[in-house]
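Here is a short briefing on one protein model. Please look over the sequence and the structure first, then read on.

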Amino acid sequence: VLDVVFANKKRQLIDTFSWDVKAGTEGLLPNIRVSAEATVRGGIGRKNLTCKAPRYAEKQFIAASDLNDMRKFGDASYPELLKERIADEQFDMRQTIDLTREFQAVKALSGQVVDKDGNVIVDYDLPAAHTPTLTGTALWTDEASDPIGNIRAWKKLITQNGGPVTGFAAFCGSDAMTALINNDSVRGLLGYQAGQQIAETGGISRLAGVGSIEEYFGSYLNSSGTRLDLIPEDVFALVGLGPQVAAELFAPVIDLQAPGGVGKGQAADIFFSKMWEVQDPSGQWIKVESRPLPVLFQPLCVVWAVVV
């Protein structure tokens with residue numbers, strides 16, 4: 001979701017994020033005389049949202065004693081082994097931050113960006129039409145359902161409410177994807193193409209004018225150790241894409257050693273890491289930090305639908 005929807009990265013100078021939710025005017029211009037004044041334009045409708053940038057930072061201590069068993073081949077191997085351990089730890093810590101960023105991005109599509117404890121960071125207040133829950137014969141598991149009709153209707157809703165878009169992409173929970181490719185109307189349209197695409201690429205390259213429908217398997221462990229899907233199995237998330245739809249903002253990290261850290265007056269670092277040595281007990285601290293937030297400038301370019 002980060003790569004497809006929030007690919008635009010904007011590095012900020014302060015950690016109070018403020019942005020406008022935009023709604024362009026949709027009327028047509030009148031034809032005027034050559035001697036007449038230009039028509040006064042109503043301008044873009046805006047609603048301002050403001051929030052404090054979240055902060056994600058962690059550190060890990062590598063004790064010299066932990067590396068003791070690695071030195072049996074001789075002291076000459078110690079520096080390289082320490083470098084490998086540091087690289088492994090940094091990679092794992094970066095993966096954790098990137099998973100947190102993806103978690104935020106998916107939550108933005110659902111209408112609310114929340115932290116791991118469920119505290120709301122941003123609420124886009126999506127209207128009911130953009131968060132539908134299908135019931136009865138409309139459920140994609142029902143033989144009378146019409147997924148193609150639903151997708152076309154949601155595309156029209158996004159185009160008319162969210163503003164001009166350049167294309168569409170969708171992210172699909174596993175149960176929703178199963179229901180979609182097994183639906184008779186979809187089978188009749190694509191034949192075996194959908195099943196082949198799922199088997200080979202994990203998604204449908206094009207359906208009903210949607211550029212890609214990706215079956216999404218991303219997951220995370222909550223505080224109690226339970227594995228949860230980032231996109232629930234029963235959800236179909238449709239997004240209208242465009243240069244002004246969304247971005248990922250970054251605030252300065254809280255570290256004076258960071259080139260784009262707080263107090264430097266420079267554009268924020270997307271990701272910052274540093275190390276420092278402790279003399280006794282001997283060891284090395286590693287710290288990573290990032291302050292990202294996925295932002296929807298046009299929230300009505302999203303439909304988050306429960307379809308099974």
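Glu-248 is buried, because its relative accessibility is 0% and the cut-off for buried is under 20%. Its salt-bridge partner is Lys-9, with the closest N and O atoms 2.5 Å apart. The model is predicted.

**Salt bridges**
- The structure holds 11 salt bridges.
- The Lys-9 to Glu-248 pair links strand β1 to strand β13, so it ties together parts that are 239 residues apart in sequence.
- Lys-9 counts as partly exposed, at 30% relative accessibility, whereas Glu-248 counts as buried at 0%.
- Asp-98 and Arg-94 form a salt bridge too, at 3.1 Å from N to O.
- Both Asp-98 and Arg-94 sit in helix α1, 4 residues apart, which is about one turn of the helix.
- Asp-98 is partly exposed at 22% relative accessible area, and Arg-94 is partly exposed at 28%.
- Lys-287 pairs with Glu-289 through their side chains, at 3.0 Å from N to O.
- Lys-287 is buried, with a relative accessible area of 11%, and Glu-289 is buried at 0%.
- Shared partners join Lys-9, Arg-94, Asp-98, Arg-101 and Glu-248 into one salt-bridge network.

**Overall fold**
- The protein has 308 residues, and 41% of them are buried.
- It contains 5 helices and 17 strands.
- Among contacts with a separation of 6 or more, 70% are between residues 24 or more positions apart.
- The accessible surface comes to about 16,600 Å², and carbon and sulfur atoms own 51% of that.

**Largest pocket**
- The volume of the largest pocket is about 500 Å³.
- This pocket is lined by 18 residues, and the closest to its centre are Thr-96, Thr-100, Phe-103, Lys-116 and Leu-221.
- Elements giving two or more residues to the lining are β4 (56-63), α1 (78-110) and β10 (219-221).
- Which element gives the most to the lining of the largest pocket? Helix α1 does, with 6 residues.

**The start of the chain**
- Val-1 lies in the segment before β1 (9-11).
- Is Val-1 buried or exposed? Val-1 is buried, with a relative accessible area of 8%.
- Leaving out residues up to four places away in sequence, Val-1 touches Phe-6, Glu-102, Ala-105, Val-106, Leu-109, Phe-171 and Tyr-216.
- Val-1 and Ala-108 are 107 residues apart in sequence, yet their C-alpha atoms are 10.0 Å apart in space.

**Backbone points to check**
- Most residues other than glycine have a negative phi, and most peptide bonds are trans.
- Asp-125 has a positive phi, near 50°, and is not a glycine.
- Asp-125 is placed in the loop between β6 (120-123) and α2 (147-162).
- Asp-125 counts as exposed, at 59% relative accessibility.
- The peptide bond joining Asp-280 and Pro-281 is cis, with omega about -5°.
- Pro-281 is in the loop between β14 and β15 (283-290).

**Nonpolar surface**
- Ile-254, Leu-256 and Val-262 make a nonpolar surface patch of about 270 Å².
- Val-262 belongs to the loop between β13 (246-250) and β14 (272-278).
- Val-262 counts as partly exposed because its relative accessibility is 36%.

Note on methods. Residues are numbered from 1 along each chain as its sequence is written. This is a predicted model: local features need pLDDT of at least 70, side-chain atom pairs count only at pLDDT 80 or more; totals for chains, interfaces and linings use all residues. Side-chain values use heavy atoms; hydrogens and water are left out. Patches are made of residues with over 30% relative accessible area and no salt bridge: like charges are joined within 9 Å, nonpolar side chains (Val, Leu, Ile, Met, Phe, Trp, Tyr) within 5 Å. Accessible areas come from the Shrake-Rupley method with a 1.4 Å probe; for residues, only the protein chains shown count as cover. A salt bridge is a side-chain nitrogen of Lys or Arg within 4 Å of a carboxyl oxygen of Asp or Glu. Buried means under 20% relative accessible area, exposed over 50%, partly exposed in between (1.4 Å probe, protein chains only). Contact means heavy atoms within 4.5 Å. On a 1 Å grid over the protein atoms alone, a cavity is a set of points where a 1.4 Å probe fits but cannot get out, and a pocket is an open set with protein on both sides within 12 Å along at least five of seven lines; lining residues have an atom within 4 Å of a point. Grid points are joined across faces, edges and corners, and a volume is the space filled by probe spheres set on the points.
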